[in-house]
Amino acid sequence: RQAGDGTFAVIDRYFTDVVTRFFVPSGNLNGQVRTHGDVGDSGFSSNPQDFIFAGEDSAWVPRYESNLNLSAPPENQGNDLIEVNPADMSLTGARIDLSSLDTTATAMTSDGAVEVDVFARPSRGVLVGSTIVVGLDRISANFDAAGSGMVALVDLEDESVAGVELPGLQSCGNVLPVPAVPSKVVVACVGFAVPFGDEPQVRASSGIALLDVNESGVTIERVWRVADHPLGAIAVNSVAVVDQQRVVGVATGDFETTVDELYLIDLVTGSQELIHDSTGSFVIGLSAYDPNSEMLYVPDAIENVVVEFAVDEGRFVEVGSTEIAPSLSLPPTKVYLLD
């Protein structure tokens with residue numbers, strides 16, 4: 001994640017739990033911080049998800065996991081946002097608890113249906129004014145149940161927390177800015193299913209929403225639901241925003257009969273246009289769109305390239321590709337635009 005100050009942050013997640021900042025373009029280290037304190041042999045991992053830059057001395061990190069030890073100190077509780085000072089990459093001690101957005105849901109067990117706790121599970125966020133819009137996955141500890149789709153509104157001025165429900169959607173952890181429209185964000189909801197990947201369940205609970213965040217609150221401007229397009233692709237993974245009407249998203253393959261496909265989705269008309277297909281599953285990663293050059297950059301891990309697309313009469317046309325460090329054997333999975 002970029003901070004807008006000549007640095008970018010690398011997030012090492014589950015059971016590594018550190019955020020590291022580097023300078024651009026030198027690649028020199030700025031600093032590193034662990035996202036929880038000493039937890040002994042408890043097994044707790046805070047699982048950081050994002051680095052949301054709020055100012056020269058303030059950035060906020062969503063911690064995805066909850067510590068099931070209720071006596072854990074605040075720095076080790078998780079399910080929250082914690083503040084980092086980007087200047088020296090130190091924890092400030094400030095924490096915004098998101099457990100008020102926990103809920104319950106029904107899980108199917110060998111003993112039948114049971115009610116289980118569902119945690120907020122904050123993931124990606126975008127700062128709009130003084131408010132951070134944080135996507136929530138709202139999944140149980142065992143990943144066997146999920147609550148309704150929701151984003152959290154975190155007001156940094158008074159540290160208040162409010163939830164905005166996205167009816168009919170689930171697992172809405174990915175929040176993205178809209179180029180040139182700072183008040184608007186896109187929320188990608190990948191849906192939920194038990195067993196994992198069950199297509200009818202995912203299709204019924206996945207989609208993409210456009211929200212407008214203003215002083216009076218949040219307006220859900222439009223929602224594109226996969227369920228409304230029974231013959232359409234479930235292209236809600238690795239979503240990148242083109243503008244307030246169009247996004248690109250990946251429909252992942254199943255390793256047997258289908259491969260990854262990247263689609264351009266019109267959130268107003270609901271239309272989908274195939275941009276790129278790969279030769280494998282889970283290999284098209286997160287794309288980046290440059291609104292100034294109108295170029296789209298798509299990582300394809302199986303080919304070890306970033307494929308380049310230009311806009312031609314409103315459509316994306318492939319114009320080239322760049323092989324990425326073949327000697328490293330580290331295929332590209334994400335592309336970010338650094339301002």
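Select Leu 262 and look across to strand E22: the residue opposite is His 276. This is a predicted model, in which local features need pLDDT of at least 70 and side-chain atom pairs count only at pLDDT 80 or more, while totals for chains, interfaces and linings use all residues. Residues are numbered from 1 along each chain as its sequence is written, and side-chain values use heavy atoms, with hydrogens and water left out.

Now show strand E21 (residues 261-266) together with E22; they run antiparallel and are joined by 5 bridges. Strands (E, at least two residues) and helices (H or I, at least four) are DSSP runs, numbered from the N terminus. Two strands pair if DSSP finds at least two bridges between them.

**The disulfide**

Next select Cys 172 and Cys 189, which a disulfide joins with an S to S distance of 2.1 Å. The term covers a pair of cysteine sulfur atoms within 2.5 Å, and a search of the whole structure finds 1 such link. It connects distant parts of the chain, 17 residues apart: Cys 172 is in the loop between strand E14 (160-166) and strand E15 (174-177), and Cys 189 is in strand E16 (residues 184-189). The link of Cys 172 and Cys 189 is right-handed, with 110° about the S-S bond. Both cysteines are buried, that is, under 20% relative accessible area, where exposed is over 50% and partly exposed lies in between (1.4 Å probe, protein chains only).

Stay here and show E15 and E16, which run antiparallel with 4 bridges. Asn 174 stands opposite Ala 188 in E16. The hairpin of these strands has 6 residues between them, and Ala 180 takes a positive phi near 70° there.

**The loop between E3 and E4**

Move to Gln 49, in the loop between strand E3 (29-34) and strand E4 (52-55). Is Gln 49 buried or exposed? At 8% relative accessibility, it counts as buried. Beyond residues up to four places away in sequence, Gln 49 touches several residues, including Ile 11, Tyr 64 and Arg 124; contact means heavy atoms within 4.5 Å.

The side chain of Gln 49 also makes a polar contact of 3.1 Å with the side chain of Asn 47. Such a contact is a pair of N or O atoms within 3.5 Å; within protein, one must be able to donate a hydrogen and the other to accept it, and residues adjacent in sequence count only if both atoms are side-chain atoms. Asn 47 is buried at a relative accessible area of 7%, and its phi is positive, near 55°.

**Last stops**

Asp 17, in the loop between strand E1 (7-12) and E2, has a positive phi of about 65° although it is not a glycine. The peptide bond from Val 24 to Pro 25 is cis, with omega near 5°. Finish at the bond from Val 194 to Pro 195, which is cis with omega near 5°; Pro 195 is in the loop between E16 and helix H1 (199-205).
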